[in-house]
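The report below describes a single protein chain, moving from individual strands to the whole fold. Please keep the sequence and the structure in view while reading.

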Amino acid sequence: MQSPVTVRSMKAAQMTAVGAPLEFTDVAVPAPRHGEVLVKMEVCGLCHTDLHFWKGDHPLPRELPVTLGHEGIGKVIEIGAGVTRVAEGDTVGLGFVYGTCGCCRECLTGYETHCESIQSTGAHVDGCLAEYAVLGEDWTTPIPDELNIAEAAPLLCAGVAAYSAVRKAHLEPGELAVIFGAGGLGTYALQIAKSYGARVCVVDVSDEKLALARELGADHAIDATDDPVSKIMDLGGADAAFNFAPVSASWRQMIDCARARARLVLISLPNDALCFEAGEVIERGLRIMGSADGTRQELRQLMELARSGQVRSVVETVPFAEVNTAFDRLARAKVQGRLVIDMRGV
Ligand SMILES: [Zn+2]
Ligand SMILES: [Zn+2]
C-alpha cells in the first residue's frame, strides 16, 4: 500500500535522561509491520507510570531515549499487511499493554495483563507522545464517535485500572463501596461502583477532592484525618474497599472498616510494608486481592459506560509543546483531574 505519510520523520517528546526535560527530537515515522496500524496521534493522557519512569522510580525495560505515553488516541492513517479489522480513518486508542504472548495460561484465561511476556507502550516500545505511533490491530481500542477524545484518553490506563479493580469486587446493589484516595483512579472507581448500584463512600485528605467526589456522585465524602473508620462503621461497614491512596495509613483504615466477607482491593503502591494480624482476616472471612491495568474486553466495557454517560473524566488539555510543564505539574501534584497532551495541529 502507498504510504500517505510523505515526510517520514516526526517530532517525538523523548526521555533522554532521568528527571531531565523531555527533548523534542526528529525521529523516523515507524512503519506498520504485518498486523500493525500506524496512528496519527491526536491526544495522550499523562499517567503516574510515565512520571515514575521519568523520575527513575521504575526502571525502563530498555535503553534511553524512550518516547513515553500510553493513553493515546488518534486516527489510523496506514495499515500493515494482513490487517482486516481496523481501517484507515478509524479512531483508536493505544493503552499500556502493547502486546502479550497470546498463548500462556494467563492469556488463554482472560488475564492477559498478568502475562509474563507482556510488552508495554511507552516502555518496551516507543509510546504516544509523538506525532505517530504503531500498534498491533488486535490491541487497538475502538473509540466510540460520541466520546470527546481528550476525555476518553485517560480511560485507556487510569480508567481501565479502576474499572478492573471494581469489577473484581463483584459489587451488589446497595452494598457499601469505600474508596480510599479520590485522585484520577479513585474518581473513576466511584462512578464505576455507582454503575453497579452500590452506595459509595470516598475518603481523602483533600477538601477539593472530596468536593469533586460529591459532584461525581459519591454518597458520602469523608476526611481521612477525621476518624473515617467510625464514620464508615456508622454506615454499616464496607462491603468492598479499594485503595488508591499510596500511603500505608489507609491500609489500616481499610482493614478496620471492613464488614464480614468484605473484598479489599489494592491498586496503588505504598512505599512501606502493609501489616495485619491473621485473625483480622480469618475471623471476618476477608478477601484481599491486588489489581493492575485492565484487559481489552474491560476497555471495551468501560468505553461503553463512558458512551452512555455513566463515567466521565475530569481533564485539562495541555498543548504538545508544553509537555514538560505538564510533567512538572504532575510531579508537584498540582493537578485536579487528569492532564491530557493535545497533539492536534502539530
Ligand atoms: Zn498508565
Ligand atoms: Zn501470555
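Two strands are taken to pair if DSSP finds at least two bridges between them, and helices (H or I, at least four residues) and strands (E, at least two) are DSSP runs, numbered from the N terminus. This is a predicted model, in which local features need pLDDT of at least 70 and side-chain atom pairs count only at pLDDT 80 or more, while totals for chains, interfaces and linings use all residues. Residues are numbered from 1 along each chain as its sequence is written, and chains are lettered from A and ligands numbered from 1 in the order in which they are written.

**A three-stranded sheet**

An open sheet is formed by three strands in the order β2-β1-β4, with antiparallel pairing. Because β2 (23-28) and β4 (66-67) stand at the edges, each with a single partner strand, one side of each is left without a neighbour in the sheet. Strand β1 (residues 9-15) is joined to β4 by two bridges, the two strands running antiparallel, and M15 stands opposite V66 in β4.

The peptide bond from L64 to P65 is cis, with omega near 0°, and P65 is placed in the loop between α1 (48-55) and β4.

**The whole chain**

The secondary structure comes to eleven helices and 18 strands. The radius of gyration, taken over C-alpha atoms and compared with a globule rule of 2.2 Å times the number of residues to the power 0.38, is 20 Å for the chain, close to the 20 Å that the rule gives for 346 residues, so the chain is as compact as a globular protein of that length. Taken along the principal axes, the C-alpha atoms fill a box of roughly 65 × 40 × 35 Å.

A residue is called buried if 20 or more other C-beta atoms lie within 10 Å of its own, exposed if 12 or fewer, and partly exposed in between, with C-beta atoms placed from the backbone; buried residues make up 46% of the 346 residues in the chain. Two residues are in contact if their C-beta atoms, placed from the backbone, lie within 7 Å, and of the contacts with a separation of 6 or more, 68% are accounted for by residues 24 or more positions apart.

**Two domains and their contact**

The domain assignment, whose bounds come from an automatic or database source, gives domain 1 (9-157 + 294-342) and domain 2 (160-290). The centres of the two domains, taken over C-alpha atoms, are separated by 28 Å. Their contact takes 16 residues from domain 1 and 13 residues from domain 2. On the side of domain 1 that touches domain 2, the largest share, four residues, comes from helix α10 (residues 296-307).

A nonpolar core is a set of buried Ala, Val, Leu, Ile, Met, Phe, Trp, Tyr and Cys residues joined through C-beta atoms within 7 Å. Of the 107 residues in the largest such core, V178, I179, A189, V202, A241 and F242 touch the most other members. Helix α4 (residues 158-168) gives the most to this core, with seven residues. Domain 1 and domain 2 both give residues to the core, so it lies between them.

Five of the five residues of β11 are buried, so this strand is largely enclosed by the rest of the structure. Both of its faces are covered, with L176, V178 and F180 on one side and A177 and I179 on the other. Leaving aside residues up to four places away in sequence, V178 touches C201, V203, I232, A238, A241 and C257. β11 pairs with strand β12 (residues 199-204) in the parallel sense over five bridges, and the bridge partner of I179 in β12 is V202.

Helix α8 (residues 249-256) has S250, W251, Q253, M254 and I255 as its buried residues, and these pack against β11 (176-180), α7 (228-234), β14 (238-243), β15 (258-266) and α9 (278-282).

Most residues other than glycine have a negative phi, and most peptide bonds are trans.

| Residue | Phi | Place |

R261 counts as exposed, with 11 C-beta neighbours inside 10 Å, whereas D293, with 20 C-beta neighbours inside 10 Å, counts as buried.
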